[in-house]
Amino acid sequence: MRLRERLLGHTRVDEAVMLAFSAIRVAKLRAALTILGVVLGVSTVMAMASIVQGLRDQIVNTIQLAGPTTFYVMKVFSQQPLNPDALPRWVRVRPDLVEAEAARVAQLPEVRYAAMWAQVFGRIEYQGIRTGTAVIIGADDGVTEIYGGELSRGRWFTRAEMSSGASVVVLDEGYARRVFGEIDPIDEVARIGGVPARVVGLYTPATNIFQPPGQDNAAFVPYRMLDRHYHIDRTNALFIAVKPRAGVTVAEAQGAVTVVLREMRRLRPGIPNTFDMITQDQILETFNRITGVFFLVMIVLSAVGLLVGGIGVMAVMMISVTERTREIGVRKALGATRRDILMQFLIEACTLTGLGGVIGVIAGLGIGRAGTAALGVSASPPLNLTLIAVAVSVGIGIVFGMIPAQRAARLDPIEALRYE
């Protein structure tokens, strides 16, 4: 009875899907190569979406932990780091930030916290064991004001150590475990970027990977120690971290900071500022712009993969129509309409691309999960994009399956029956 219904052309959608899977089983290699293009395109989009979404979530979490009002005063803010050995003139004429400016900003009634910070890159080493290159931050005892987290053991720097630039260090707990192992690091002397320093505390960072404006911070030392023993890139890696008082908006605090810095630098009205300020929102905007370009490139590459998959579907369906010409003739002779034939081959094309889309989504989510795990971030699957990816893959089946389906629907039944 089912065979008779199929020959008469009144094939239900589920039967058309079963016919499509039968065609896939008959030509496994051909179908696999056809599906591969769709799988590559969809999986690329899904993997990138998972990773980018995970990173963005972590950035937003960091902003919430550090406080959305935190901002930074820098010599110059550029979306691309400037080469300190080849600075443009408009940057060279700007004076470097100095500690007196940070101290004056900290005295403002609108400001809760302000201090001079800087960062350099170096290795943490103890008795021959050392880490890879990591970020060393020169700051004061207010690290948790800006980065969140907590001191898990020991202490922060004393006022005497900060003012004298003593060689003491608070290590990130993870880095401490790498170089000290089972040894208690407190009061041990490690080499921080080649400089000996006594470990006075262990810091547990907040659960995120984004700590503006640096990277993964391995060690915190007094700013004056960093200034004394290391070469600081005063254009890109020197800044004043500022946090307004409760009830004071970012705009109000920035206005107060701008006024006091212009006074200290004796800038007359009409002369542009010789410093820049960057907020958490600007950091997020910069990240979105960078990842947006990267994601756009991935979309273009994925579109090429989907186009190749679509062309493959059209070629396979053309071959399928040729191979099944006699079957089409029999169905038309028994009363199948052009619409019946058209729908059968369109559903077969959609089944091919839909299967590729499902496999691509699964593969992409798997790659995305592995990528976020490697970066140390947690990300929820982009469910909306998952549905869109499957819908797009099915849509490709409709678009590229239309030509071979129309060809099958237009076959003359008498000529089709004569086909050998």
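Visitor: Let's start with arginine 112. Is it buried, partly exposed or exposed?
Guide: Arginine 112 is partly exposed, because its relative accessible area is 49%. Keep in mind that this is a predicted model.

Visitor: Which residue does arginine 112 form a salt bridge with?
Guide: The partner is glutamate 145. Their closest N and O atoms are 3.2 Å apart. The pair links distant parts of the chain. Glutamate 145 is in helix α6 (residues 143-147), and arginine 112 is in strand β2, 33 residues apart.

Visitor: And glutamate 145, how accessible is that?
Guide: Glutamate 145 has 23% relative accessibility, so it counts as partly exposed.

Visitor: What is the C-alpha separation between glutamate 145 and alanine 241?
Guide: It is 9.6 Å. Along the chain, alanine 241 and glutamate 145 are 96 residues apart.

Visitor: Where is alanine 241 found?
Guide: In strand β11, residues 238-244. Alanine 241 is buried, because its relative accessible area is 0%.

Visitor: Back to salt bridges. How many does the count come to?
Guide: Ten.

Visitor: Which residue meets glutamate 161 in a salt bridge?
Guide: Arginine 155. Their side chains meet at 2.9 Å, N to O.

Visitor: What about arginine 198? Which residue does it form a salt bridge with?
Guide: Aspartate 187. The closest N and O atoms of that pair are 3.1 Å apart.

Visitor: Where do arginine 198 and aspartate 187 lie?
Guide: Arginine 198 lies in strand β9 (residues 195-204). Aspartate 187 lies in the loop between α8 (173-180) and β8 (189-192). So the pair ties together parts that are eleven residues apart in sequence. Arginine 198 itself is partly exposed, with a relative accessible area of 31%.

Visitor: Which residues do shared partners join into one network?
Guide: Arg155, Glu161, Asp187 and Arg198. Salt bridges that share partners join them.

Visitor: What is phi at aspartate 187?
Guide: Near 75 degrees. That is a positive value in a residue other than glycine.

Visitor: And what about phi at arginine 266?
Guide: Arginine 266 has a positive phi too, of about 55 degrees. It is not a glycine either.

Visitor: Where does arginine 266 sit, and is it buried or exposed?
Guide: Its place is in the loop between α10 (250-264) and β12 (276-279). Arginine 266 counts as exposed, because its relative accessibility is 74%.

Visitor: New topic, pockets. What volume does the second largest pocket have?
Guide: About 490 Å³.

Visitor: How many residues line the second largest pocket?
Guide: 17. Nearest its centre lie Glu99, Ala114, Ala115, Asp140 and Met162.

Visitor: Which elements give two or more residues to that lining?
Guide: Those are α5 (99-106), β2 (111-122), α7 (159-164) and α9 (223-229).

Visitor: How does the lining divide into nonpolar, polar and charged?
Guide: Eleven are nonpolar, one is polar and five are charged.

Visitor: Now the surface. Which residues form a nonpolar patch there?
Guide: Leu29, Leu33, Leu36 and Leu40. Together they have about 420 Å² of accessible area.

Visitor: Pick one. Where is leucine 33?
Guide: In helix α3, residues 28-66. Leucine 33 counts as exposed, because its relative accessibility is 57%.

Visitor: One more area. Where is glycine 128 placed?
Guide: In the loop between β3 (124-126) and β4 (129-130). Glycine 128 counts as exposed, at 64% relative accessibility.

Visitor: How far is glycine 128 from valine 179?
Guide: Their C-alpha atoms are separated by 8.7 Å. Along the chain, they are 51 residues apart.

Visitor: Last stop, alanine 134. Which strand is that in?
Guide: Strand β5, residues 134-139. Alanine 134 counts as buried, because its relative accessibility is 4%. From alanine 134 to isoleucine 124 is 8.0 Å, C-alpha to C-alpha. In sequence, the two are ten residues apart.

Conventions: Residues are numbered from 1 along each chain as its sequence is written. This is a predicted model: local features need pLDDT of at least 70, side-chain atom pairs count only at pLDDT 80 or more; totals for chains, interfaces and linings use all residues. Side-chain values use heavy atoms; hydrogens and water are left out. Patches are made of residues with over 30% relative accessible area and no salt bridge: like charges are joined within 9 Å, nonpolar side chains (Val, Leu, Ile, Met, Phe, Trp, Tyr) within 5 Å. Accessible areas come from the Shrake-Rupley method with a 1.4 Å probe; for residues, only the protein chains shown count as cover. A salt bridge is a side-chain nitrogen of Lys or Arg within 4 Å of a carboxyl oxygen of Asp or Glu. Helices (H or I, at least four residues) and strands (E, at least two) are DSSP runs, numbered from the N terminus. Buried means under 20% relative accessible area, exposed over 50%, partly exposed in between (1.4 Å probe, protein chains only). On a 1 Å grid over the protein atoms alone, a cavity is a set of points where a 1.4 Å probe fits but cannot get out, and a pocket is an open set with protein on both sides within 12 Å along at least five of seven lines; lining residues have an atom within 4 Å of a point. Grid points are joined across faces, edges and corners, and a volume is the space filled by probe spheres set on the points. Ala, Val, Leu, Ile, Met, Phe, Trp, Tyr, Cys and Pro count as nonpolar, Asp, Glu, Lys and Arg as charged, and the others, Gly among them, as polar.
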